[in-house]
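Work through the exercises below with the structure open beside you. Try each task before reading its solution.

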Amino acid sequence: MATVASVSLLSEAEFGCEHLASVLMQDGVVNNQFKSSFIKTHNSLGRRDASSKTASSGLLKPRYTCVTCSEPFMNGDRRIHTEKTGHQFYMESRSRALFCQGCEDLVYDHGLERSRSSTPESSLEVAKRRRFSDSSADELYVKSNANKRPCAKQGVRGLFNLGQTCYLNVILQTMLHDPILNTYFLGNGHQPHDCTINDCIGCAVAEAFADFNTIDKPEGFAALNLLLASWRASPALAGYQQQDAHEYYQFLVDKLHASAEGHREGHGKGCHCFFHRTFYGKLRSSVTCDKCGNVTKTEDPIVDLSLDVQAKKRVMGGGGSGHSTAPTLSGCLESFTSPEKLMADVYNCDGCGGTPQKATKQLQIKKLPAILCMQLKRFEHTFAVSEKLEGRIDFPLSINMLPYTTNPDTAVDKSRYIYDLSSAVVHKGKLEAGHYYVYCRQGEEWMLFNDDQVTPVTEAEVLGVDAYLLFYNLRCLSTASP
């Protein structure tokens with residue numbers, strides 16, 4: 001079955017709009033039923049006009065007849081009807097033009113328009129034909145020369161490694177393929193020509209988005225200005241030594257936040273800038289005294305969740321013999337949010353006069369960001385040794401984050417908490433000498449970005465990797481969790 005997403009790359013000259021294309025591309029009952037309803041509505045409005053020449057002239061505003069159920073509506077009622085029934089195509093009463101509620105505009109489709117002028121006997125047969133099946137020279141010219149606008153170009157460009165810069169490349173590719181950030185940087189987001197910040201990271205990222213989406217350069221490119229701006233902003237990053245991709249992500253988010261107009265430095269001051277709302281969540285820590293039951297709550301901002309893989313392996317048996325089942329991301333999240341016993345020497349209870357008491361601590365997510373980064377902690381540092389933890393952690397294409405939040409209402413709208421996988425960063429090699437590459441969702445497909453090398457891959461390949469960083473996007477932004 002065709003969907004809006006699957007037809008988004010089709011020429012708008014060939015179809016009225018992507019919503020209409022998703023219907024007209026279907027074979028069988030749905031397609032024919034829509035075309036039949038379209039012609040029926042058209043003929044019905046024509047007969048109405050013929051029987052009463054003043055039918056439309058007596059109205060100051062046009063009516064819209066639903067193509068699916070034939071009910072007429074005024075402008076405001078039309079939107080309510082669509083929300084209730086899902087019917088989104090209407091015929092305007094005066095011109096009998098087709099209106100798409102999804103686009104909130106009149107749309108034109110050549111095949112449907114041609115069926116209007118056909119004889120009643122042949123109208124459905126004509127409507128069933130593929131558009132341009134008996135094309136004139138004009139129609140062939142339109143089809144051959146009509147393209148989507150350049151800013152909608154779907155690109156798969158690699159990034160050149162400038163010397164141990166794979167950590168930067170994977171994080172930048174993740175952002176370049178994020179639809180939220182594309183809307184911001186390719187729209188009216190950060191404007192370099194208006195920015196007065198020296199060595200601004202926001203300007204460097206905006207330039208990378210512009211370079212990545214240029215229609216004239218399909219080959220790879222180098223994010224040199226972002227690298228130099230990062231070096232100037234952080235001496236620890238300067239030079240060609242290997243860096244941690246997770247730490248660079250935290251650095252980049254912090255600098256993007258600082259570049260936003262009207263941002264607030266203190267996270268407790270209620271910043272409402274784009275980057276704060278996109279990247280920052282809130283984590284609640286609750287400590288309950290085992291003796292008196294007193295609860296101490298603190299809340300801290302987060303830009304990611306760092307999940308303990310080793311602890312998860314102990315719980316799931318991934319590190320022991322006789323167990324072949326791989327640990328799961330859901331299991332890591334359960335371990336992260338499970339109550340943990342604290343000894344008396346680490347907690348002084350105010351309810352018990354400030355005396356040391358045993359207590360129970362629990363972490364829960366108070367607020368989820370639109371872009372959720374989860375780190376699977378593979379690098380462990382102790383006084384004795386530093387090591388990398390190998391092994392695959394199963395993760396899904398979509399995940400419901402509600403069970404890991406402070407919201408106790410299980411009947412809440414779960415669409416506010418559903419996230420879809422957008423990128424998976426992998427680290428290969430040893431702790432001190434490794435390499436990063438990333439899998440990114442490109443429309444409905446997946447691509448492997450290994451610096452400037454780009455390779456199409458399957459969903460199964462993505463789900464089988466030993467991920468280090470996972471990026472998920474909130475599915476319904478309009479219903480973002482509080």
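The model is predicted, so local features need pLDDT of at least 70 and side-chain atom pairs count only at pLDDT 80 or more, while totals for chains, interfaces and linings use all residues. Residues are numbered from 1 along each chain as its sequence is written, and side-chain values use heavy atoms, with hydrogens and water left out.

**Exercise 1**

Find where Asp178 sits, and state which side chain it joins in a polar contact.

Solution. 

Step 1. Locate the residue. Asp178 lies in the loop between helix H7 (166–176) and helix H8 (179–185). Helices (H or I, at least four residues) and strands (E, at least two) are DSSP runs, numbered from the N terminus.

Step 2. Look for a charged partner. Asp178 is buried but has no salt bridge. Buried means under 20% relative accessible area, exposed over 50%, and partly exposed in between (1.4 Å probe, protein chains only). A salt bridge is a side-chain nitrogen of Lys or Arg within 4 Å of a carboxyl oxygen of Asp or Glu. The nearest side chain of opposite charge is Arg441, 9.7 Å away. For charge, Lys and Arg count as positive and Asp and Glu as negative; His and the chain ends are not counted.

Step 3. Look for a polar partner. The side chains of Asp178 and Asn473 are joined by a polar contact of 2.9 Å. Such a contact is a pair of N or O atoms within 3.5 Å; within protein, one must be able to donate a hydrogen and the other to accept it, and residues adjacent in sequence count only if both atoms are side-chain atoms.

**Exercise 2**

How many salt bridges does a search of the whole structure find? Describe the one between Arg284 and Glu299.

Solution. 

Step 1. The search finds seven salt bridges.

Step 2. In the pair Arg284 and Glu299, the N to O distance is 3.0 Å. Arg284 belongs to strand E6 (residues 281–289) and Glu299 to strand E7 (residues 295–302), 15 residues apart.

Step 3. Arg284 is buried at 15% relative accessible area, whereas Glu299 is partly exposed at 37%.

**Exercise 3**

Is Lys341, which forms a salt bridge with Asp290, buried or exposed?

Solution. 

Step 1. The closest N and O atoms of Lys341 and Asp290 are 3.7 Å apart. Lys341 is in strand E9 (residues 340–342) and Asp290 in the loop between E6 and E7, 51 residues apart.

Step 2. Lys341 is exposed, with a relative accessible area of 58%.
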